[in-house]
Amino acid sequence: MMSTIHRYIYKDLARYLLMVLAVVAVLYLVVDFFEKADRFVKAGLGAGRTLAFFSYNLPFVMGQIAPVGFLLAVLITFGLMGRNNEIVALKSGGVSVFYLMRPVLWLGICMSVGLFLFKDAVVPVTLSQANRIWVQEVKKKQLDRLRTQNIWLKERGRILHVSHYKPRQQTIHGVTINDLDRDFRLVRRLDADRGTFTETGWELSDVLDQQMGKGGGDPLVRYHERLHVDIDLDPDDFKHVVRSNDEMSFRTLQADIAAIEADGFDARIQKVDLHAKVSFPLICLILALVGGGISLRGNRGEGIFAGILVAIGIAFCYWFCHSICLSLGYGGVLPPLAAAWATNIVFFCVGLFVLMRVE
């Protein structure tokens, strides 16, 4: 049976977590609305579709901020208990630090499992819908498939096919461009091994250029080592056009890795993100472990403001280390598994060390 102390801690943790998430949701909606409002007005979208876009984006933001929100809830809860001398009283009565941390650890485990399921089942669907609205209704670009493989783009008098797109390198591979006349007859075809985005636009490499002869004559075939082409799609568009790894569930990303490797491309980035899908949700537990140890280290709390500063500092350190490790994994310096889990292991050890010192 749950003790009165644990019910008290659970109640405060849940209340402050909901308060933090609500504040973040409002701030996100306000800032993002004023940043994108002019684009929606120019595109002629009504209030309903605009609201749908922000609603579809909101789950992704909540999934990213939930660990920090839980960390803030832990620091505020124990900070207020310390300021009111409740922790001193409990310790004087023989209550250990680990007993006080038990609700935090259990809720952290539930948060981690819930965040994984939320980001695996809900976020991919809603984020895909948000990107679809942005690309097709705001930027007026029609694409058949939103993924890194087999991208089709239809422009006036042109059909573009990209076999594979690498977001971080901003390169396209297996490029085919078909130029058509008014009667939808092929007049020119470009086949390139890869394309790189430069200051002057897209530059294709190893290009086979075929211009169809008039009246059904033989085509003129030429080879270009480098060729600049005008494609109405830049890397910023690709960020919304191509389905990112965040828009894929764990199983979908696994299948995407298998397809990429079957086509002979390197799937190292996707593998890092696949392992990160499992490691990232656990930061709810790990950051709470660190934050709980810090907030219980003294006899008196330092107030809500100090708790917020500590939470921001801890979260910044985690994000910095995690980003560095992921970048090392993307670059092949670290194996994908090590890149995704290194920061969690380090912060988990730090959290245990802080708790042991407090006890």
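Two strands are taken to pair if DSSP finds at least two bridges between them. In this predicted model, strand β3 (residues 171–180) and strand β4 (residues 186–198) pair in the antiparallel sense over nine bridges, and within this pairing Asn 178 stands opposite Arg 189 in β4. The two strands form a hairpin with five residues between them, and in its turn Phe 184 has a positive phi of about 65°.

Because nine of its ten residues are buried, β3 is largely enclosed by the rest of the structure.

Helix α5, which covers residues 123–138, has 16 residues and reaches 21 Å from its first C-alpha to its last, a span close to the 22 Å expected at 1.5 Å a residue. The buried residues of α5 begin with Val 123, Pro 124, Thr 126, Leu 127 and Ser 128, continue with Ala 130 and Asn 131, and end with Ile 133, Trp 134, Val 135 and Val 138. In general, an α-helix has 3.6 residues a turn, so residues three or four places apart point the same way. Just after α5, Lys 140 takes a positive phi of about 60°.

Methods: Residues numbered from 1 in each chain as written. Predicted model: local features only at pLDDT ≥ 70, side-chain atom pairs only at ≥ 80, totals over all residues. Heavy atoms only, no water. Buried < 20%, exposed > 50% of the residue type's maximum accessible area, 1.4 Å probe, protein only. Helix = DSSP H or I, 4+ residues; strand = E, 2+ residues; numbered from the N terminus. Expected span 1.5 Å × (residues − 1).
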